[in-house]
Amino acid sequence: MKPHLHSAFASCPDRRETGSEKWDRWADRDVLPVWVADMDFRTPEVVLDAIRARVDHGVFGYTHEPPGFRPALADHCARRHGWQVDPDWIVAVPGVVTALALTARLCAEPADGILTFTPVYPPFLTLPGPAGRACVRVPLMRGSTAWSIDFDALDEAAGTSLPKLLWLCHPHNPTGTVFSRTDLLQLAELTDRHGITVVSDEIWADLVLDDDAGHVPFASLDHPAAQRAITLVAPSKTWNLAGLGCAAAIIRDESLRRRWRSVGGGLVPMVNPLGYAAAEAAWRHGDAWRCELLALLRHHRGLVLERVALIPGLSCLPWQATYLAWIDCRATGCADPQVACEAAGLGPSDGRDFGLPGFIRLNTACPTDRLLVALDRLAQAFPAA
Ligand SMILES: Cc1ncc(COP(=O)(O)O)c(C=O)c1O
């Protein structure tokens, strides 16, 4: 059923000529961009008001965490995810990708491996190399209703001398899987047994679409592996703030926190004051808007699943979180689904970049009429033989 849609999601500003990574990629062609994971919607008024107030202050000197930042995130973790975080555990960072790169240097030595479940958000595959670490890929299993962890394969990969770190993407981009408490406990047991530290990228944690698939932060488990884990969070996916560069690492271990600051010193810039203002307002006051967004995203998931099922050779499992559809095009026999989509005027992300050719990732976070155009173009890209 079509949800009652707040006008905030019925239309959106034109992003061309604003330096938008998403919209500039095919700026000279009629290709509708549904690739990079940001939304075409304006961030909520409560966040804009906080940014305006900070702008009106007018002084933008060197800034560390303002007094409200850590408590706002800690309260958000408790309220939304039932996780009690001591504000002292929180370290601000300008981005989750930066933080991932830092953990490669902090928790692993040269030539150590970093475990990753594939397919996965591309930096998980590309960051270990430049840090002199090996990327150890463990494919997820595609079941009939969801993608899941192959624990036997993980145990085997972890058993080699290489891996010191596991980069967990939870909820998972691009499959949208929300790992269950049982999965996470099994991961905790396995990584503990092999002496592997878990870094859990939980940037999508506030976009779980179904109430019954609640997000469990890995570090909230009652397990020694959870005590040592590093959690990465940000308001950027949920409230569309990626350009403001504000994220946080939650690190319980005090010595790790100290080393984090020294390893990042001189390399990782400070978070900017507008990012702090936006993040704090989003965590404190953004929940009503977030709930409206979730209703829209559930509606969009239904539309995508319905339309994809009508296109011969395409298939897509229902995602539990994110606004991303991970579409299997292999049965179409098309040699290059990305090229076929672009030729039909649609610009998704290419599965090859996620370590799984033959798939595309389609971003549904746009007004519904635009998504329907995208789905028409998807059908044109894969006509019946
Ligand atoms: C799993 C995941 N981690 C990190 C990021 C990017 O984080 P940031 O912009 O804070 O570097 C994304 C963006 O799509 C993502 O999907």
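View 1. The protein splits into domain 1 (7-44 + 287-381) and domain 2 (48-284), with bounds taken from an automatic or database domain assignment. Their C-alpha centres lie 24 Å apart. This is a predicted model, in which local features need pLDDT of at least 70, side-chain atom pairs count only at pLDDT 80 or more, and totals for chains, interfaces and linings use all residues.

View 2. The contact between the domains takes 26 residues from domain 1 and 30 residues from domain 2; two residues are in contact if their C-beta atoms, placed from the backbone, lie within 7 Å. Helices (H or I, at least four residues) and strands (E, at least two) are DSSP runs, numbered from the N terminus. Helix 12 gives the most to this side, with 5 residues.

**View 3. Helix 2 packs against helix 11.** Look for residues 45-57 and 273-285: the two helices pack at an angle of about 145°, with their axes 8 Å apart. Axes are lines fitted to C-alpha atoms, for helices over the stretch in contact, and angles run from 0 to 180 degrees between N-to-C directions.

View 4. The largest one has 124 residues, of which W167, L232, C246, A248, A249, A278 and I327 touch the most other members. Helix 11 gives the most to this core, with 8 residues. Zoom in on A278 and you will find it in contact with V47, A50, I51, L241, L244 and C246, leaving aside neighbours within four places in sequence.

**View 5. D112 sits in a loop.** The loop runs between helix 4 (96-106) and strand 3 (113-118). D112 counts as buried because it has 20 C-beta neighbours inside 10 Å; the cut-offs are 20 or more other C-beta atoms within 10 Å for buried, 12 or fewer for exposed, and partly exposed in between, with C-beta atoms placed from the backbone. Not counting residues up to four places away in sequence, D112 touches R133, L162 and K164.

Note on methods: Residues numbered from 1 in each chain as written. Core = buried A, V, L, I, M, F, W, Y, C linked by C-beta atoms within 7 Å.
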